[in-house]
Amino acid sequence: MEVFTRWHTWDTARADIEASGAPIDVDALGRAVSAAERWHGDQKRPTGAPYVEHLLEALEVLVRGAGVTAPSVLSAAVLHDVVEDTPATLRDVEDEFGPEVTELVDWVTKPPAGGAGRQAKRAAKAAYLRRLGDAPPEAVRVKLADRVSNVQTLDRMPPDFQRRYYAETITYIVPLAAAEPWFKSWYAAWRAEYAHLL
């Protein structure tokens, strides 16, 4: 199972992209990374690493793994959590990046829970994940890359979280990968790697 954790900084990502010769507008992508860094500020991942590392991992999955070069998909991957996890709004995203990127970010933004408590949060998340079945393929690619970043090192998380997140990924995310050959193959390898969590 290939792991995508090489791009800890935009400088590294940019150098890799430029060296690959992929037809990617690195300046436009750099603007998205700068905006994500500005909006996420000093947020951290559960591991304590800067949050931007998660965004760059999702980008690395798309570029180095799936071979995606579409500017809107790559920018949306970098911006996919700004509306959900920062004060930024969809209007803010649209003002800076246009309607196409904004639509993709909107598709992968989990809406707030309709009530208080764990039950309401889980119900809202399940509804959001089911809704992704209706998303355009570009938004699905963003979500698949986001989840690759989150599950590729699942063994670093607490055991109860590992089991719950594995089950959620198998139920909702793996079916989304069926129409995407690279993602389908990656998730099959991941599923085998973590099969002990069944």
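1. Basis. This is a predicted model, in which local features need pLDDT of at least 70 and side-chain atom pairs count only at pLDDT 80 or more, while totals for chains, interfaces and linings use all residues. Residues are numbered from 1 along each chain as its sequence is written, and side-chain values use heavy atoms, with hydrogens and water left out.

2. Largest pocket. Its volume is about 1100 Å³. A pocket here is an open set of points on a 1 Å grid over the protein atoms alone, where a 1.4 Å probe fits, with protein on both sides within 12 Å along at least five of seven lines; lining residues have an atom within 4 Å of a point. The volume is the space filled by probe spheres set on the points, which are joined across faces, edges and corners.

3. Lining. Of the 40 lining residues, Lys110, Lys125, Asn150, Phe161 and Tyr165 are the closest to the centre. Helix α7 gives the most, with eight residues. Helices are DSSP runs (H or I, at least four residues), numbered from the N terminus.

4. Helix α8. Its 15 residues reach 21 Å from first C-alpha to last, close to the 21 Å expected at 1.5 Å a residue, the expected span being 1.5 Å times one less than the number of residues. Of these residues, 11 are buried (under 20% relative accessible area, 1.4 Å probe, protein chains only).

5. Thr169. This residue lies in helix α9 and is buried, with a relative accessible area of 0%. Not counting residues up to four places away in sequence, Thr169 touches Arg147, Val151, Val174, Tyr187 and Trp190 (heavy atoms within 4.5 Å).

Conventions. Helices (H or I, at least four residues) and strands (E, at least two) are DSSP runs, numbered from the N terminus. Buried means under 20% relative accessible area, exposed over 50%, partly exposed in between (1.4 Å probe, protein chains only).
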